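Good morning, and thank you for coming. Please look at the model on the screen while I take you through a few of its features.

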Amino acid sequence: MEELPSFIFKNLFLILLAVFALISFIFHYKSRNRELFDVNGDQVLINRTSKLRFSFVHRTAIRIDSVVRVEVHGNRLSLFQRSNNAIDIWLHAEHLESGINKAKSVFSHADFSSKGN
């Protein structure tokens with residue numbers, strides 16, 4: 001009976017690594033066909049998708065007309081709002097152009113600029 005806790009503590013890193021890999025696989029599988037921007041009336045949902053490079057946020061809803069400027073910095077889209085808040089969206093390089101085009105169609109009233117890498 002004392003062997004089980006000993007086994008768990010000795011292999012805790014491998015167990016945590018396996019759990020993390022399983023959670024990552026499930027997330028990737030569930031979000032593979034989800035759109036980055038989902039327009040719902042006068043709001044847009046920014047979804048956590050497999051196109052994102054990094055994100056802790058599950059979903060973020062903002063008003064479409066609150067975004068006044070969109071900047072592209074390398075693989076990052078920055079959505080600047082009237083309230084001086086900014087939402088950064090990190091995309092994989094292969095999804096950057098489609099993300100920019102979708103942002104241009106959703107936030108057509110906003111100013112777009114590219115700041116390079």
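Ser78 has Asp88 of strand β7 as its bridge partner. Please keep in mind that this is a predicted model. The strands concerned, β6 (residues 76-81) and β7, run antiparallel and are joined by five bridges. Between them, the hairpin has four residues, and Asn84 there takes a positive phi near 70°.

Asp88 is partly exposed, because its relative accessibility is 41%, between 20% and 50%.

The count of salt bridges comes to four. In one of them, Arg63 and Asp42 bring their closest N and O atoms to 2.6 Å. Arg63 lies in strand β4 and Asp42 in the loop between β1 and β2, so the pair ties together parts 21 residues apart in sequence. Another salt bridge joins Arg69 and Glu71 at 2.8 Å, N to O. Here Arg69 is partly exposed at 32%, while Glu71 is buried at 8%.

Finally, I turn to the surface. A nonpolar patch there, with about 870 Å² of accessible area together, includes Leu4, Phe7 and Ile23. Helix α2 gives the largest share of the patch, five residues. Leu4 lies in helix α1 and counts as exposed, because its relative accessibility is 54%.

Terms used:
Residues numbered from 1 in each chain as written. Predicted model: local features only at pLDDT ≥ 70, side-chain atom pairs only at ≥ 80, totals over all residues. Heavy atoms only, no water. Pairing = 2+ DSSP bridges. Helix = DSSP H or I, 4+ residues; strand = E, 2+ residues; numbered from the N terminus. Patch = residues over 30% accessible without salt bridge, like charges linked within 9 Å, V, L, I, M, F, W, Y side chains within 5 Å. Areas by Shrake-Rupley, 256 points an atom, 1.4 Å probe, with all protein chains shown as cover. Salt bridge = Lys/Arg side-chain N within 4 Å of Asp/Glu carboxyl O. Buried < 20%, exposed > 50% of the residue type's maximum accessible area, 1.4 Å probe, protein only.
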